[in-house]
Amino acid sequence: MKTKLLLSAVVLALCASAPAAFAQGSTTFTTGRGLNGTDYISPTYLYSNGDNLDYSGVGFRLNKTLRHDFDLIATTGFTRSQRVAGARADSSDFDAGVRWHTTTGWGRPFAEATLGYNWWKYGATRDNSFTYAFSTGVELQLTDKFSIAPLVGYADATSYDGGGDFYGVLRTNLWLDDRWSIRVNFSVSEDGNGFGAGFAWAF
């Protein structure tokens, strides 16, 4: 999405086996603990490779339960590109929004909507834009501690040239104990691919 880094990423094919597995009675994909509906903060290393520039940096996510089926979500990211013609591009983002989620017999479907702002600069050139994103997906509990959450969405930075981007994300989470987990995310979009790795602390 122009200079806006999309956290996490990738293939929805991983969830294609869910209905078949449920029909065979092997699992319901809801036994255990995921991240939706959990209060946590999460620092994350970010990397994305686009058509013109590669970015890396750090991001932070806050998830706060408002009620049993509604979460407040807030993310921020600070990334920098490789040096090109003696200068680097810097991008900073802040987004906040809500997530609705529920539990079914085969998984935990959810939908997210966020609004935010992006600041970008390269040398003496500076730009900024409001941003928004909508996404929907499902959280699947593969074990009582390990879950995946494939999703698809659309995001746009309203003031930048070009239209918005469709993207796909695969979020993964492995709980080490009641408080700490490891998160690894992959993303694909029309602008390139992304990767994120970090941990979550539940509070």
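**Salt bridges and a barrel, reasoned through**

Tutor: Glu 139 and Arg 108 form a salt bridge, with 3.2 Å between the closest N and O atoms. Keep in mind that this is a predicted model.

Student: What parts of the chain does the pair link?

Tutor: Distant ones: Glu 139 belongs to strand E6 (residues 125–141) and Arg 108 to strand E5, 31 residues apart.

Student: What makes the pair Asp 39 and Lys 64 a salt bridge?

Tutor: The cut-off is 4 Å between a side-chain nitrogen of Lys or Arg and a carboxyl oxygen of Asp or Glu. Their N to O distance is 3.3 Å, so the pair meets the rule.

Student: Which residue meets Arg 99 in a salt bridge at 2.8 Å?

Tutor: Glu 112. Glu 112 lies in strand E5 (residues 108–122) and Arg 99 in strand E4, so the pair ties together parts 13 residues apart in sequence. Arg 99 is buried at 1%, and its side chain also makes a polar contact with that of Asn 63 (2.6 Å).

Student: What arrangement do the strands form?

Tutor: A closed barrel of 10 strands, running from E1 to E10 with antiparallel pairing. The twist averages 20° from one strand to the next.

Methods: Residues numbered from 1 in each chain as written. Predicted model: local features only at pLDDT ≥ 70, side-chain atom pairs only at ≥ 80, totals over all residues. Heavy atoms only, no water. Pairing = 2+ DSSP bridges. Helix = DSSP H or I, 4+ residues; strand = E, 2+ residues; numbered from the N terminus. Axes fitted to C-alpha atoms, helices over the stretch in contact; angles between N-to-C directions. Polar contact = N/O pair within 3.5 Å; in protein donor to acceptor, adjacent residues only side chain to side chain. Buried < 20%, exposed > 50% of the residue type's maximum accessible area, 1.4 Å probe, protein only.
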